[in-house]
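Have a look at the model, then read on.

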Amino acid sequence: MKSRPLSSRIAPATFATLAALSLGITPAHAQISDNAVRIGVLADMSGAYSADGGPGFALGARMAVEDFGGQVNGKPIELLVADDQNKPDIGTGIARRWIEQDKVDTIVTTSASSIALSVNGLMKQYQKPYLLAGTGSSDLTGKACSPMNINFAFDTYMLPKGTVQALIGQGLKTFFFITVDYTVGTTMQAEAARFVEALGGKVVGSVKHPLGATDFSSYVLQAQASKAQVVMVLNFTSDTVNTLKAAGDFRLAKGGQVLAVPSMTANSVAAIGLDLAQGMQFTTPQYWDRNDENRAFSKRFMERHKGGVPTLTQATAYSAVTHYLKAVQATGSDEGPAVVARMKATPVNDFQMKNVPIREDGVVLRPTYLAKVKAPAESKSKYDNQIIGAEIPGEQIWRPLAEGGCDFVKAR
């Protein structure tokens, strides 16, 4: 097919769908609109978040389609990929065109929260499943919730919660925040501050920086001057790397301050280097080397992604698309409400999650894990950089259902 501006179509593979037959569903009876299942992949493909999402996010989704056989219930699966450029008007425009013109059945995204909150309204209006695989705002399953939203990755409540709990449990009481100045950063800081204060700690200061900043010296110097025991870095990907490099230049960790980054990834640690990152503590829902199944997926991914290990969002693109396709297969339909109902009724099972339930507000109650960055002497390879500790069950780390403010949940 001809490519469209800002998007590309991945031609479906041509394989038989044995699973459809096992469910007693034949292509003749499958209720698939327009004779294809179309999945839109919306992410920052070239900007500040492209390392964490970007082409690797599209690859995770593509691998899910390929592993499913390229067809569902005898109909081809088409993947459309677009760059939202971190701009709400562009991201929303792409989503609208996909829904109204290209007959897209679902969108899987790791877009910035400002984009996702806008697209959320479209998905609700047209009753299309909206698969959040790396968008952080907890409002998407809270006060801006929709019956069509499912959050497979993380949010601004659960990311800081586990990290704050672990640090205060070690006797660290004073915190300073370095925060990216847009929706997800502001929300995450508010949540982190609430957890700090609730557990008897104190926030002694904070500073915000623009997305994609290059010089973090002044922000790090303010953190150093605060003499806070913990400097919590509330940003992502290249911003995180640049913040921590500046922290290394000014020797924050060597001066006794603990650096904590709730959004840390193996890729970010590799970019910073173990000399600077060693000893850093955080919680993470995913690590490429956590067990044999994660290693096997990561090996396949790395062979197609220039040797880079999958980030949380890239791995979760695979999980979200796979779970969606299982629901289409089981219902014999791509009709949005029916597919979402089946998704919520079915625990998530794949290489990174086992029997994980989906709550009625759309939260996938995946567990998270305590993590610590290895010292150089402990590492055997570039991405062998984390020690994974105790599991924190999903019920303990995600926001309680009653506190979310989701209107359709309250109505029940």
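In the residue classes used here, Ala, Val, Leu, Ile, Met, Phe, Trp, Tyr, Cys and Pro count as nonpolar, Asp, Glu, Lys and Arg as charged, and the others, Gly among them, as polar. By that scheme, the lining of the second largest cavity has 7 nonpolar, 9 polar and 2 charged residues. This is a predicted model, in which local features need pLDDT of at least 70 and side-chain atom pairs pLDDT 80 or more, while totals for chains, interfaces and linings use all residues. Residues are numbered from 1 along each chain as its sequence is written, and side-chain values use heavy atoms, without hydrogens and water.

- On a 1 Å grid over the protein atoms alone, a cavity is a set of points where a 1.4 Å probe fits but cannot get out, and lining residues have an atom within 4 Å of a point.
- Searching the whole structure gives 2 cavities of 30 Å³ or more, where a volume is the space filled by probe spheres set on the points, joined across faces, edges and corners.
- The largest cavity has a volume of about 210 Å³; among its 24 lining residues, Asp52, Ser263, Met264, Thr265 and Leu312 are closest to the centre.
- That lining of the largest cavity comprises 11 nonpolar, 12 polar and 1 charged residues.
- H8, H9, strand S12 (281–284) and H12 each give at least two residues to the lining of the largest cavity, and H9 has the largest share, 3 residues; helices (H or I, at least four residues) and strands (E, at least two) are DSSP runs numbered from the N terminus.
- The second largest cavity holds about 180 Å³ of space, and of its 18 lining residues, Tyr49, Thr110, Gly134, Tyr182 and Phe236 lie closest to the centre.

**The largest pocket**

- A pocket is an open set of points with protein on both sides within 12 Å along at least five of seven lines.
- The largest pocket contains about 280 Å³ of space.
- Its lining has 21 residues, with Ala51, Asp52, Asn267, Ser268 and Thr311 nearest the centre.
- In the lining of the largest pocket, 7 residues are nonpolar, 12 polar and 2 charged.
- H9 supplies the largest share of this pocket's lining, 4 residues.

**Where H12 meets H13**

- Contact here means heavy atoms within 4.5 Å.
- Ala320, His323, Tyr324, Ala327, Val328, Ala330 and Thr331 in H12 meet Ala338, Val339, Arg342 and Met343 in H13.
- The residues of this contact between H12 and H13 divide into 8 nonpolar, 2 polar and 1 charged.
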